[in-house]
Each structure stands twice: as C-alpha cells, then as structure tokens.
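Good morning, colleagues. I would ask you to keep the sequence and the structure in view while I speak.

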Amino acid sequence: MIIGVPKEIKNHEYRVGMVPASVRELINHGHQVFVETNAGTGIGFTDADYIASGAEILNTAAEVFAKAEMIVKVKEPQAVERAMLREDQILFTYLHLAPDLPQTEDLVKSKAICIAYETVIDGRGGLPLLAPMSEVAGRMSIQAGAQALEKSNAGRGMLLGGVPGVEPAKVVVIGGGMVGNNAAQMAIGMGAEVVILDRNIDVLRRLDAQFGNKVKAIYSTADALEKHVLAADLVIGGVLIPGAAAPKLVTADHIKRMKPGSAIVDVAIDQGGCIATSKATTHADPTYIVDDVVHYCVANMPGAVPLTSTFALNNATLPYIINLANKGYKKALLDDANFREGLNVYKGKVTFKEVAEGFNMEYVAPIDALNA
Ligand SMILES: NC(=O)c1ccc[n+]([C@@H]2O[C@H](COP(=O)([O-])OP(=O)(O)OC[C@H]3O[C@@H](n4cnc5c(N)ncnc54)[C@H](O)[C@@H]3O)[C@@H](O)[C@H]2O)c1
C-alpha cells in the first residue's frame, strides 16, 4: 500500500503521524511511504532521517494526498486538508467529530474511509489509541502542578517532596484511571503524600495492589472528596465518564475553602473539566487564579512534549497501521470488531452512531456499510 504522512498544520502542532522507525516497519512489510518535507523537523526528525528509513520526501501536502492510498496523521484534518481527500482514500488520525459539524460534512462529502484513533476500543473496553495521551497528560500534570505551587506562580511556595525534616505536599488525584495512575506514579516518585479517589472499587483494588502503602486509595463519596480536597496542596482532576461531560466534583465553594496558594490541574478540561471554576487555557498562558487557588487547565497537555507524545502515539498506532496496510481496510475492519469501532465515516455515510444522532444525519452501522 502507498502511505502518506503530511506535515501537521494545526497551530503549534509538532507531532507527526509516523516517526522514521515506524516508516521502516512499513517498508519492511513491503509498503511505500511518502512523507511531506519537514514533517518531523519540529521534534528533530530531518528529511534525511526519513529517507534513511526508506521513505520518499514530497514537497507539498497536495502531492502526499494525491499519491497516498492511506493518510496517517495526528490531528483532525483541517479544511484545506479535507479538500484534498478523495473517494476510497483511507484517513487514519484523531477526528473528534462529535462537536465538529463542518468536518463531519466534509468527510462525508469526500467519500473517504475515515478511521478515528479515539474511538478504537480494545477487548477490555479501553481506548488503546487515546491511552498514550492520557499517560503523557497524567505524568505531566505533576510537573505542571509542582510549578504552580512555586511562589513566583502565586503558589504556596512548597516543594512537592519536602526535604528531610519538612513535610511533603499533599497531592489529591480525583479519578484513578490512566491519567490518575500516571499522575500518582510521578507524585510518589517526587516524594509527595498521595491520595487517589475513585468510585470504581476494582480501580481502587488495582491501585492498592500497584502502589501499596505509598498511596491512599479512597472511595469517592462527596464526603471523602470534600475532606481530601480541602486538605490538599495540589489537586489533579482526572475523571472520565465516557461519552459525557465531566462531572463538576470540586465546587466553587470548595475552591473558596482550599488553602491559599494551593493548586489544581484539571486534566479533564477537554471534557469540560471536573472542577467548577475551570476554564480551558493554553500553553502560552496556562494558569489563572480563582480565590487564591492556582488553576492549570490546558486542554492539549501532550502538545507541550511532542517528542515523547509522538513516540507514545506511534507505539500504539503502528500495529493498526501495519494491519491496515497488509490486509487492506476492508479485511482489517471486518476481522476485528474493536478496531471497527474506529470507523466514523465510510464512503459518504456516517458510521458512528453518536455523531450521526448529534447532527441528525443518517447512521449506517460499520458492519453493514462494509458489507454493502
Ligand atoms: N488535558 C489534556 O491534555 C488531556 C490529555 C489526555 C486525557 N485527558 C482527559 O483526562 C480525563 C481522564 O482520562 P483517562 O484516560 O484517565 O480516563 P479513564 O477512563 O482511564 O479514567 C477515568 C477514571 O475516572 C473515574 N471516575 C468517574 N467518575 C468518578 C467520580 N465521580 N469520582 C471519582 N472517580 C471517578 C473512573 O472510575 C475512572 O477510573 C479524560 O477527560 C480525558 O479526556 C486530557
């Protein structure tokens, strides 16, 4: 198969759909890869690196789109990219169609085969192509929180791990899933006192088995949440109710009663946030203060560490890319019901129910669309 990797064009996006090592894997499987010039320069991959891995470099995105049978990207295609998609071309990337009518309409119009990373599932109900970004954001949340606690950022002026003879900070992580688990791991590593709240008892058991007495894994009632949030120096918001807006677990009244100079990092901000006073911020201006509490609410945290994020994403996407290239989209999707969940738009039909319903468009089940 001919695979195309265009340079990402969304503002401040430095990740790339395939690193040179992934290109080499595809070449070893007998496929051909075209990469747009400078696609990886933002994170240190030169055109020469891609050529050494077996790719061919093209000067424009238009040439990449024209040649490729499958486009592999990171962010949802922007309007100019959507205009270059064609009938029967495979698009494999993050799409996030639910809030995006213009994109959905353009993808339908293109008649391309559009597979979204974020809706592919695994056998355990997990989201294997979203998980790497939650790992990155979870780990980063402690870095961001540690900085927010510094005096120059309006924090309490407290070191997460303390020093011998001085108490460490108390970090309270709400939600013990992928974000929460990774946040806890970093906070423990830095010597903080760590409490994780979750309302899933199996999650709490797993955290207890994993971290032992280095964390307190607590069942998340309103009572427990209030008690621990009010005592916290740093709160990490990492809850998720799949397909729904995040519940506002920390109220404006809690924020008023937290210690002055304490900090919150609301990782769940991309789903609206789980803290009542959260509003999305950017890497350029990541924090703001409400009632003396420093708020960090960056909606695309992995964007700050595109080198790590690209490798993490590629490690997860590569087996699917190889599978699509080796088998062709039809067999790859028909063989694997979990992968098939990723099919959002197929040759002019919306094949993801929530998106079709949200926009009052006709829905065709992926299996029916593929077998038609
Ligand atoms: N800001 C960013 O850059 C960024 C990056 C990656 C992920 N995220 C977001 O982070 C959030 C968490 O993602 P994840 O991958 O860890 O999800 P996950 O499904 O792995 O974990 C979510 C956890 O929240 C728990 N939960 C649900 N309701 C709860 C409640 N009332 N009290 C306590 N716990 C509760 C669930 O039991 C689950 O364990 C999501 O909203 C995700 O979109 C944001």
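**Salt bridges, sheets and cores**

At 36% relative accessibility, Lys327 counts as partly exposed, where buried means under 20% relative accessible area, exposed means over 50% and partly exposed lies in between, with a 1.4 Å probe and protein chains only. What we are viewing is a predicted model, in which local features need pLDDT of at least 70, side-chain atom pairs count only at pLDDT 80 or more, and totals for chains, interfaces and linings use all residues. Residues are numbered from 1 along each chain as its sequence is written, and side-chain values use heavy atoms, with hydrogens and water left out.

Let me stay with Lys327. Its side chain meets that of Asp335 in a salt bridge of 2.9 Å, N to O, the term standing for a side-chain nitrogen of Lys or Arg within 4 Å of a carboxyl oxygen of Asp or Glu. Asp335 is partly exposed as well, at 43% relative accessibility. Side chains of opposite charge can pair when their charged atoms come close.

How many salt bridges does this rule give? The count comes to 17.

One of them joins Glu76 and Lys10, at 2.8 Å from N to O. This pair links distant parts of the chain: Glu76 is in the loop between strand S4 (70–72) and helix H4 (79–82), Lys10 is in the loop between S1 and H1, and the two are 66 residues apart. Helices here are DSSP runs of H or I with at least four residues, strands are runs of E with at least two, and both are numbered from the N terminus. Glu76 is buried, with a relative accessibility of 12%, whereas Lys10 is partly exposed at 31%.

A further salt bridge is formed by the side chains of Arg257 and Glu226, at 3.8 Å from N to O. Arg257 belongs to helix H10 (residues 252–257) and Glu226 to helix H9 (residues 222–231), so the pair ties together parts that are 31 residues apart in sequence. Arg257 has a relative accessible area of 44% and is partly exposed; Glu226, at 30%, is partly exposed too.

Lys7 lies in the loop between strand S1 (2–5) and helix H1 (20–28), and is partly exposed at 30% relative accessibility. Leaving aside neighbours within four places in sequence, Lys7 is in contact (heavy atoms within 4.5 Å) with Glu36, Thr37, Asn38, Ala39, Thr41 and Glu81. Lys7 and Glu36 are 29 residues apart in sequence, yet their C-alpha atoms are 5.8 Å apart in space.

I turn to the sheets. Eight strands form an open sheet with mixed pairing, in the order S3-S2-S1-S4-S5-S6-S14-S15; two strands pair if DSSP finds at least two bridges between them. Which strands stand at its edges? They are S3 (56–58) and S15 (349–350), each with a single partner strand, so one side of each has no neighbour in the sheet. S15 pairs with S14 (residues 343–346) in the antiparallel sense over two bridges, and Val350 in S15 is the bridge partner of Val345.

Elsewhere, strand S13 (residues 293–296) directs Val293 and His295 one way and Val294 and Tyr296 the other, and all are buried. S13 pairs in the parallel sense with S11 (residues 263–266) over three bridges, with Ile264 opposite His295. With S12 (residues 287–290), S13 pairs in the antiparallel sense over four bridges, and here Thr287 stands opposite Tyr296. The hairpin of S12 and S13 has two residues between the strands, and Asp291 in this hairpin takes a positive phi near 50 degrees.

Finally, the interior. A nonpolar core is a set of buried Ala, Val, Leu, Ile, Met, Phe, Trp, Tyr and Cys residues joined through side-chain atoms within 4.5 Å. The largest one has 45 residues, of which Met18, Leu26, Val33, Phe92, Ile115 and Phe339 touch the most other members. Helix H11 (residues 306–327) gives the largest share of this core, nine residues. Beyond its neighbours within four places in sequence, Leu26 is in contact with several residues, among them Ile3, Met18, Val33, Leu318 and Ile322. A second, separate core of 32 residues includes Met140, Phe211, Val294 and Met301.
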